[in-house]
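This briefing is meant to be read alongside the sequence and the three-dimensional view. Please keep both open while going through the points below.

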Amino acid sequence: MLMLFAGFACNKQKIPEGILSEDKMVELLIDIHLAEGLVSSFPIHYDSSRVLYPYFENEVFLKHDLTDSVFKKSLEYYMLDIKTMDRIYARTIDSLHVVEKARNPNPNP
C-alpha cells in the first residue's frame, strides 16, 4: 500500500514535456524582473518604456535559450496550482533580495 502511495506521489510531481522546471522558472522570472526594473529605471516616459521592454525580455529568453511561448506555457501551467506558483514566486523574491543586497551592500551611506 505504501509503495502505491509513493508511486502516485512521484507521478504528481512529473512535469509535462515542454514545461520549464520550477528551478528554471525561478531563474527566468528573476531575469525578467531584473529587466523590468532596469527599463523602469530609465528616465523615459512610460509609453517609451513599454516599447523598449520587449527587447530586454527577448534578451532574457535568448540568455536562457527559450522562446516566449515556452515561458507563457509554463507560466499558465504553474498558475493552475497556486501553492506551486506561490513557492516559485517566494523563491524568486528571495533571490531578488539577494541580488539587491549584493548590488547595494551598504544601504545607509
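Helix axes are lines fitted to C-alpha atoms over the stretch in contact, and the angles between them run from 0 to 180 degrees between N-to-C directions. The model described here is predicted. Its protein chain comes to 5 helices and 0 strands, following the pattern α-α-α-α-α along the sequence.

**Packing of H2 against H5**
- The axes of helix H2 (residues 22-41) and helix H5 (residues 82-103) come within 9 Å and cross at roughly 50°, and the two helices are therefore oblique to each other.
- The crossing of H2 and H5 is right-handed, and by class their contact has 10 nonpolar, 4 polar and 5 charged residues.
- On the H2 side the contacting residues include Glu22, Met25, Leu29 and His33, while those on the H5 side include Arg87, Ile88, Ser95 and Arg103.

**The largest nonpolar core**
- This core has 18 residues, of which Met25, Leu28, Leu29, Ile32, Phe71, Tyr78 and Ile88 touch the most other members.
- Two or more residues are given to the core by each of H2, helix H3 (46-63), helix H4 (68-79) and H5, with the largest share, 8 residues, coming from H2.
- Leaving aside neighbours within four places in sequence, Met25 is in contact with Leu20, Phe71, Ser74, Leu75, Tyr78 and Ile88.

**The chain as a whole**
- Of the 109 residues of the protein chain, 23% count as buried.
- Among contacts between residues at least 6 apart in sequence, 73% join residues at least 24 apart.

Methods
Residues are numbered from 1 along each chain as its sequence is written. This is a predicted model: local features need pLDDT of at least 70, side-chain atom pairs count only at pLDDT 80 or more; totals for chains, interfaces and linings use all residues. Side-chain values use heavy atoms; hydrogens and water are left out. Helices (H or I, at least four residues) and strands (E, at least two) are DSSP runs, numbered from the N terminus. Angles under 35 degrees count as roughly parallel, over 145 as roughly antiparallel, 65 to 115 as roughly perpendicular and the rest as oblique. A crossing is left-handed if the near helix is turned anticlockwise from the far one by less than a right angle, and right-handed if clockwise. Contact means heavy atoms within 4.5 Å. Ala, Val, Leu, Ile, Met, Phe, Trp, Tyr, Cys and Pro count as nonpolar, Asp, Glu, Lys and Arg as charged, and the others, Gly among them, as polar. A nonpolar core is a set of buried Ala, Val, Leu, Ile, Met, Phe, Trp, Tyr and Cys residues joined through side-chain atoms within 4.5 Å. Buried means under 20% relative accessible area, exposed over 50%, partly exposed in between (1.4 Å probe, protein chains only).
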